[in-house]
Amino acid sequence: MEWEIVIGLEVHTQLSTNTKIFSGASTAFGSEPNTQADAVSIALPGVLPVLNKGAVERAIKFGLAVGAYIAPRSVFARKNYFYPDLPKGYQISQMDLPVVGAGALTIQVEPLSGNAKPYEKVVRITRAHLEEDAGKSVHGASQGLTGIDLNRAGTPLLEIVSEPDMSSAAEAVAYAKALHSMVRWIGICDGNMQEGSFRCDVNVSVRKPGEPLGTRREIKNLNSFKFMQQAIDYEVQWQIDTLENGGKVQQATILFNPDTGETRSMRSKEDAHDYRYFPDPDLLPLDITPAMIEAVRATLPELPQAKSGRYTSEYGLSAYDAASLTASREMAEFFDASVSMVGAAHAKLCANWLIGEVSAQLNRDGLDIAKCPISATQFGGMLARIADGTISNSGAKEVFRALWSEGGTADAIIEAKGLKQVSDGGAIEKIVAEVMAANADKVAEYRGGKDKLFGFFVGAAMKASQGKANPVQLNEVLKQKLAG
Amino acid sequence: MITYWPYYNKVFAMSLTTQDVQKIARLARLAMNQAEIEAARAQLSGIFELIAEMQAVDTRGIAPMSHAQELSQQLREDVVTEANQREAFQAIAPQVEGGLYLVPQVIE
């Protein structure tokens with residue numbers, strides 16, 4: 001019998017505030033060690049935390065974006081454990097009353113194998129709560145010693161917890177990507193995974209269909225979508241092998257090693273999960289008023305789902321195209337800017353080029369749309385020349401390559417390379433006449449019923465025009481003249 | 001439901017065992033000898049007895065409090081107010097190197 005995979009995610013997103021969650025120290029990344037570790041960050045005795053309004057607003061913004069319940073009153077709690085990068089001996093987090101309650105996120109899943117079609121799925125979000133990040137341990141600084149940098153300590157985090165709604169690595173990755181796109185879309189997190197701004201913990205278990213949930217193992221701190229997929233694939237196989245060989249899965253926290261592609265259990269102390277949460281007496285309950293929620297709502301941009309719906313209804317794009325164009329805010333903005341240059345009537349042309357040629361070239365160069373060497377203005381300028389018939393699709397590809405590597409404007413490239421297509425009826429008729437005269441035998445064969453030769457004439461005429469003939473017109477003229 | 005501390009259920013047992021105290025001491029990283037454990041057990045049990053008395057009060061219909069004061073949290077504007085004071089802070093640290101605080105090696 002088949003195994004069913006059950007996956008839930010906990011994602012730590014660093015909020016893009018200027019300052020820490022409980023103090024006015026800067027959160028800028030990459031500064032000299034401990035230069036942003038103020039008295040609160042290093043937990044000097046007598047200091048008190050004061051909550052950052054910017055962190056609360058970002059949490060509300062996320063809650064609104066996923067249609068979640070925003071708690072009118074939430075409470076901060078202490079999560080107690082000892083580790084040198086946590087100087088207080090506890091992390092301020094939220095436990096029973098988180099700021100954001102249940103919501104949902106719609107994801108587009110691209111199955112990883114076979115010919116399965118992409119599909120849509122709704123993943124339920126359990127909750128999201130505010131907490132502070134810990135510092136960083138620097139190993140091997142000195143023999144037998146560990147260095148501690150507390151610049152990151154106190155950076156605001158929004159921990160977003162999903163329901164165990166995902167049943168494959170593809171779905172887990174799709175959810176993580178959708179969430180990553182969303183937090184960047186609404187501007188609450190920079191999403192920089194290398195710098196640790198977006199860190200995923202993945203809970204994985206397997207079971208036979210219809211049976212209760214199996215024991216889960218938690219893969220900690222995945223900071224790339226590729227590693228997430230590899231880690232889940234490996235872990236699922238490990239759990240299935242273990243169970244099929246008569247073993248039992250023990251609840252554990254595990255790490256993924258990208259070099260070996262394997263997961264391994266962290267050495268966990270017996271009391272590791274006895275956090276003894278209790279309400280933090282240093283912080284009063286956080287009250288969020290309807291006015292505060294409305295003020296944040298006013299700053300929300302058009303969300304991906306609404307935009308995607310508008311693309312299908314206003315521009316007649318397919319659901320798949322609309323989803324691709326709203327996969328990131330930068331992509332959607334690039335599309336909007338290009339459409340505004342060529343007009344809504346040519347939105348489909350715009351979408352085809354963006355999803356096709358532009359995405360393929362970005363992939364080849366390992367870039368994302370934010371780093372696209374062609375601006376939306378340059379791109380729109382080229383599309384406008386396709387739309388008005390100045391250049392053919394193949395001519396446009398040449399313009400595109402030149403824009404990509406050398407820059408400039410489409411018009412200048414068309415001029416310099418002589419790509420303007422011949423749409424002058426007289427000129428095309430002349431070419432057709434020449435081609436027919438030079439191939440009288442084939443004309444006779446064609447007229448004798450050998451229809452397949454039509455392609456030969458198109459090719460020959462196009463070649464004679466040096467590829468510049470307007471293909472639509474050329475076809476029409478050829479058909480007419482060959483018919484005799 | 002409040003699920004904060006596993007020892008709350010001890011309230012009904014009215015007293016802690018020596019093992020309970022040893023576990024609490026271990027979690028708090030406190031080294032305690034037998035006499036200290038016994039003394040702490042008596043004191044902590046006394047605290048739980050007090051809690052038990054409070055638990056006996058009928059609080060149905062009263063909204064739970066998470067703080068002794070009926071106030072709500074003031075928010076701070078998201079503006080940098082703290083300057084770099086690393087030198088001053090590290091002057092009182094036992095050991096530093098290259099701007100890092102040094103601690104005995106931590107192995108994962």
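Residues are numbered from 1 along each chain as its sequence is written, and chains are lettered from A and ligands numbered from 1 in the order in which they are written. Because the model is predicted, local features need pLDDT of at least 70 and side-chain atom pairs count only at pLDDT 80 or more, while totals for chains, interfaces and linings use all residues.

**View 1. The eight-stranded sheet of chain A.**
Eight strands of chain A form an open sheet of mixed pairing, in the order β6-β7-β10-β1-β11-β12-β13-β14. Helices (H or I, at least four residues) and strands (E, at least two) are DSSP runs, numbered from the N terminus; two strands pair if DSSP finds at least two bridges between them. β6 and β14 (262-265) of chain A are the edge strands, each with a single partner, so one side of each has no neighbour in the sheet. On average, neighbouring strands are turned by 30 degrees against each other, direction ignored. Axes here are lines fitted to C-alpha atoms, for helices over the stretch in contact, and angles run from 0 to 180 degrees between N-to-C directions.

**View 2**
Two residues are in contact if their C-beta atoms, placed from the backbone, lie within 7 Å.

Side chains alternate along β6 (residues 103-109) of chain A. A residue is buried if 20 or more other C-beta atoms lie within 10 Å of its own, exposed if 12 or fewer, and partly exposed in between; C-beta atoms are placed from the backbone. β6(A) runs antiparallel to β7 (residues 119-132) of chain A, and seven bridges join them. In β7(A), E120(A) stands opposite Q108(A), and I125(A) stands opposite G103(A).

**View 2. The loop residue A68(A).**
A68(A) sits in the loop between α1 (53-65) and β3 (73-74) of chain A. It counts as buried because 23 other C-beta atoms lie within 10 Å. Leaving out residues up to four places away in sequence, A68(A) touches G63(A), V100(A), G101(A), A102(A), G103(A) and I125(A).

**View 3. Nonpolar cores.**
The largest nonpolar core has 69 residues, and those with the most contacts inside it are A59(A), F62(A), A172(A), Y175(A) and V202(A). Its largest share, 11 residues, comes from helix α2 (residues 169-185) of chain A. A nonpolar core is a set of buried Ala, Val, Leu, Ile, Met, Phe, Trp, Tyr and Cys residues joined through C-beta atoms within 7 Å. Beyond four places in sequence, F62(A) touches V100(A), A128(A), L158(A), V183(A), I186(A) and I188(A). A second, separate core of 34 residues includes A322(A), A332(A), L383(A) and I386(A).

**View 4. The three-stranded sheet of chain A.**
Three strands of chain A form an open antiparallel sheet in the order β5-β4-β15. The edge strands, β5 (90-94) and β15 (278-279) of chain A, each pair on one side only. Five bridges join β4 (residues 76-80) of chain A to β5(A), and F76(A) stands opposite Q94(A).

**View 5. The contact between chains A and B.**
In this interface, 36 residues of chain B are in contact with 46 residues of chain A. On the chain B side, α2 (18-27), β1 (75-76), α4 (86-91) and β3 (100-104) each supply at least two residues. The largest share, five residues, comes from β3(B). Strand β9 (residues 145-149) of chain A pairs with β3(B) in the antiparallel sense over four bridges, and T146(A) has V103(B) as its bridge partner. The model scores ipTM 0.85 and pTM 0.85.
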